[in-house]
Amino acid sequence: MDVEGLGPTVRTRLTQVQRPTQNRQRSELSLWIALFVSILLGLVSGTLYAFGRYEKDLKNLLGITQLEVQRFGIFFDCGNYVGHPLTGFFYDRMGPRISCVTAAIVVFCSYLSVHLGINYQNTVFRFQTAMEMSFFFVGFGSGLGYISALGTTS
């Protein structure tokens, strides 16, 4: 039974409730927005796999050895894969919105510190440990974004 302006009847155990069509349209819009944000998060989280593409440029720009650049990649991977249990726990406790925002903030701040390390090599950001931690948190934030994108759209 449909009433004009209202959607289909929803039966519960005790009563019948009319669900407004407007709420259904809002939920469909929310799903499309979630899908779009999840695709963007997946693209940003994929920067981990592009490390080999800019690895040589990073090595030449900073004047470091291949071993040091490989350590950046190792920390990048460790942040992503070691962080998955933590990011899954965080997503389960905080939900998709807070997880997505947190992932964006972590990735932004981490890439900012990598940027500062490259452009201001004579400061504290030039130290190997600071750059390694920056790459670790880029991987960690990427993992959180990836988990958030998967959890939101599945």
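Analyst: The count of disulfides in this predicted model comes to zero. A disulfide, in general, is a covalent bond between the sulfur atoms of two cysteines. Let's see how two cysteines sit in the model. Cys 78 has 32% relative accessibility, so Cys 78 counts as partly exposed. Cys 100, with a relative accessible area of 16%, is buried, because buried means under 20%.

Now for the helices. Two packed helices are described by the angle between their axes and the distance between those axes. Start with helix α2, residues 51-62, and helix α3, residues 66-81: their axes come within 10 Å and cross at roughly 135°. That angle is why α2 and α3 are described as oblique to each other. The crossing of α2 past α3 is right-handed. On the α2 side, the residues that meet α3 are Phe 51, Tyr 54, Glu 55, Leu 58, Lys 59 and Leu 62. Their partners in α3 are Gln 66, Val 69, Gln 70, Phe 72, Gly 73 and Phe 76. Sorted by class, the residues of this contact are seven nonpolar, three polar and two charged.

Next, look at helix α4, residues 84-119, and helix α5, residues 128-153. Here the axes come within 6 Å and cross at roughly 145°. The crossing of α4 past α5 is left-handed. In the contact of α4 with α5 you will find 19 nonpolar and 16 polar residues, but no charged ones.

Technical notes:
Residues are numbered from 1 along each chain as its sequence is written. This is a predicted model: local features need pLDDT of at least 70, side-chain atom pairs count only at pLDDT 80 or more; totals for chains, interfaces and linings use all residues. Side-chain values use heavy atoms; hydrogens and water are left out. Axes are lines fitted to C-alpha atoms, for helices over the stretch in contact, and angles run from 0 to 180 degrees between N-to-C directions. Helices (H or I, at least four residues) and strands (E, at least two) are DSSP runs, numbered from the N terminus. Angles under 35 degrees count as roughly parallel, over 145 as roughly antiparallel, 65 to 115 as roughly perpendicular and the rest as oblique. A crossing is left-handed if the near helix is turned anticlockwise from the far one by less than a right angle, and right-handed if clockwise. Contact means heavy atoms within 4.5 Å. Ala, Val, Leu, Ile, Met, Phe, Trp, Tyr, Cys and Pro count as nonpolar, Asp, Glu, Lys and Arg as charged, and the others, Gly among them, as polar. A disulfide is a pair of cysteine sulfur atoms within 2.5 Å. Buried means under 20% relative accessible area, exposed over 50%, partly exposed in between (1.4 Å probe, protein chains only).
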